[in-house]
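Thanks for coming, everyone. Please put the structure up, and I will walk you through it.

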Amino acid sequence: MTAARAAAIVLRKEIRAEMRTRELLQTTVTFVIIVVVLFSFAFEPTAAEARRYGPGLLWIALLFSGSLMLNPSFAKEQSNDTIYALRMAPVSPFAIYLGKMLANLLFLAITEAVLLPVFALLYNVSLWPVLGRLLIVLFLGTFGIAVTGTVFSAVATQARMREVLLPLLLLPVLVPLLVASVEATAELFADAPSLDRTWVAVLVAFDIVFFATAWMLSDYLLEE
Amino acid sequence: MQNFWSLFAAYLAFWAIFFIYDFTVARRLARVEKDLAQMRQQIREP
Amino acid sequence: MKNRWLFALIIAALFAFAGYAVFFIAPDEATMHAIQRIFYFHASSGWAAMEGTGIVFFANVAYLRKRQPKWDWLAVSAVEVSLAFWSVVLVTGPIWAHPVWGIWWAWDWRLTLTLVLWILYVCYLVLRTLVADPERRAAVSAIFGIFVFLGVPLDYLSIRIFRTQHPQPVLFGGPNSGLDPTMVKVFFSCSALMTLLMILLVIERYRLERLRYEAEEMRLVIEERAETKSQNREMQRRTALGG
């Protein structure tokens, strides 16, 4: 079985499991909206302020929800004892990683699809004119979160206190991604919006370097 | 000497950090060595 | 034990000499005067910390390839020692910055990067305390360590671009910024000394990790023995009853 086919099977399994209960999406979407609403209480943003702080708030909310959402990705295999089945499956560990990573990417994308309109509404930012470019930045940032988060989810599963540990490991490692995404988004919220080439390049570099590292280290993720 | 106290504080901080660190390592070493000695005896005894 | 004191004595003597060099041999800096002398501890600690960080990465990769516990011992030792050196950098930096820049902290790329790396190494040590099985602990922390190290250039890149919109308060720019030759000499002796201190501390910490491992192994042996002994006793009792 090729890696791509195996990854597709894992992806389909993740989606089916999620669609059965929708536990993960329900909780994450609710959480991310709570975060955005709480931020608006804390800052009471005017339109000008929203433009200054908005990108930061958006990405912090996404990072937090990502670090919560990614936790069960491997933890549920552990608590259901299905991790043994995954280990014994005649597919490469990278295929399993890839399937899970794509599933997480999809779930994060769904969360963003709900988050964006709410964010635009509460903070009076008009996203429509820059939507296409914003989606590019969002995709690059979310891809980085999913790539790194899925690896660290497997890492945290093997430790105690994994729910607290995952954000602890993930958030500081994502600092370059956060800086680049926030700056690129800020350029899009400016009076004359533009897609900043430098920041997009940093995001692409982050995605490539971390994805390649994840690929090289994937053999060690599932072993016992 | 201008800013002498800042310089002094920095020098002191430098020493303090290494003393404290080395102290913790030495203490941990002592504990492990004690454990090891105890266990060696335990193995030899019966 | 004797060696330990001898080492301590040599180190103390070398540091006394370095202190003498820093305070009396090195010339006075024209605009900053005395406070500039922090530079000798601060920057050379930074060098040692960077060397330690390199050792960590090397040991992490070596562990995943070779699977020998010694690489894990080296990695954790180097992380702890680098953390101590990074702490020196982070503490002496603001002490220097306050009289010179007028502020304790600036979000300059160097400062930010050091702080992020410091936090990541603390996370590395926290992660290690939370995994019980030694082999899993070693593998998991090696994976995390590699990600941390590969993130550093990206961190550098992003922070560098991000922060250059602010004026960069860099007052010394390395060897080609016109440092006085005596200053350079004193600085390089300090760096060599710091590297030596770093290596000695890593060796000591490594020994601790090795002994811990031995103690763990021995504990398993003792437990196993106790178990077989109680089993034997049970067997004897049963045969005695049966007979």
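What percentage of the 243 residues in chain C do buried residues make up? The answer is 37%. Keep in mind that this is a predicted model.

Let me start with confidence. For the complex, the predictor gives an ipTM of 0.90 and a pTM of 0.88. Chain C has a mean pLDDT of 83, with 89% of its residues at 70 or more. One stretch of chain C, residues 165-176, has a pLDDT below 50. Beyond near neighbours in sequence, that stretch has eight contacts in the model. Where pLDDT is low, the predicted coordinates should not be read in detail.

Chain A has a mean pLDDT of 89, and 99% of its residues reach 70 or more. Among the elements of chain A, helix α7 (residues 131-157) has the highest mean pLDDT, at 94. The lowest, 83, belongs to helix α5 (residues 83-88) of chain A.

Now the build of chain C. How many helices and strands are there in chain C? Six helices and zero strands. From the N terminus on, the elements run α-α-α-α-α-α. Take the contacts in chain C between residues at least 6 apart in sequence: 78% of them join residues at least 24 apart.

Look at one helix pair, α3 and α4 of chain C. Helix α3(C) covers residues 69-101. The axes of α3(C) and α4(C) come within 10 Å and cross at roughly 145°. The crossing is left-handed. On the α3(C) side, the residues that meet α4(C) include C:Val76, C:Leu83, C:Trp86 and C:Gly93. On the α4(C) side, the partners include C:Leu111, C:Trp118, C:Tyr121 and C:Arg128. By class, the residues of this contact are 13 nonpolar, three polar and one charged.

Why does C:Trp101 count as partly exposed? Because C:Trp101 has 14 C-beta neighbours inside 10 Å. Compare C:Trp101 with C:Ala226: they are 125 residues apart in sequence. In space, C-alpha to C-alpha, they are 66 Å apart.

On to the contact of chain C with chain A. How many residues does this contact take from each chain? It takes 26 from chain C and 23 from chain A. On the chain C side, α4 (109-129) and α5 (134-163) each supply at least two residues. The largest share of that side, 17 residues, comes from α5(C). By class, the side of chain C that touches chain A has 22 nonpolar, two polar and two charged residues.

Next, the core. The largest nonpolar core has 135 residues. Among those that touch the most other members are A:Val155, A:Leu169, C:Phe85 and C:Phe144. Helix α3(C) gives the most to this core, with 18 residues. Which residues does A:Leu169 contact, leaving aside its neighbours within four places in sequence? In chain A, they are A:Phe152, A:Val155 and A:Ala156. In chain C, they are C:Cys123, C:Leu127 and C:Phe144.

Now chain B. Its secondary structure comes to one helix and zero strands. Along the principal axes, the C-alpha atoms of chain B fill a box of roughly 70 × 10 × 5 Å. Of the 46 residues of chain B, 15% count as buried.

Where does chain C meet chain B? There, 25 residues of chain C are in contact with 24 residues of chain B. The elements of chain C that give two or more residues to this side are α2 (38-66), α3 and α6 (181-242). Helix α6(C) gives the most, with 10 residues. The side of chain C that touches chain B divides into 15 nonpolar, four polar and six charged residues.

A:Arg22 has a phi near 60°, a positive value in a residue other than glycine. A:Arg22 lies in the loop between α1 (3-21) and α2 (23-43) of chain A. A:Arg22 is exposed, because 10 other C-beta atoms lie within 10 Å. A:Asp81 also has a positive phi, about 60°, and is not a glycine. A:Asp81 is in the loop between α4 (72-79) and α5 of chain A. Is A:Asp81 buried or exposed? It counts as exposed, because it has 8 C-beta neighbours inside 10 Å.

That is my tour. Over to you.

Definitions and conventions:
Residues are numbered from 1 along each chain as its sequence is written. Chains are lettered from A and ligands numbered from 1 in the order in which they are written. This is a predicted model: local features need pLDDT of at least 70, side-chain atom pairs count only at pLDDT 80 or more; totals for chains, interfaces and linings use all residues. Two residues are in contact if their C-beta atoms, placed from the backbone, lie within 7 Å. Helices (H or I, at least four residues) and strands (E, at least two) are DSSP runs, numbered from the N terminus. Ala, Val, Leu, Ile, Met, Phe, Trp, Tyr, Cys and Pro count as nonpolar, Asp, Glu, Lys and Arg as charged, and the others, Gly among them, as polar. pLDDT is the predictor's confidence in each residue, from 0 to 100. Axes are lines fitted to C-alpha atoms, for helices over the stretch in contact, and angles run from 0 to 180 degrees between N-to-C directions. A crossing is left-handed if the near helix is turned anticlockwise from the far one by less than a right angle, and right-handed if clockwise. A nonpolar core is a set of buried Ala, Val, Leu, Ile, Met, Phe, Trp, Tyr and Cys residues joined through C-beta atoms within 7 Å. A residue is buried if 20 or more other C-beta atoms lie within 10 Å of its own, exposed if 12 or fewer, and partly exposed in between; C-beta atoms are placed from the backbone.
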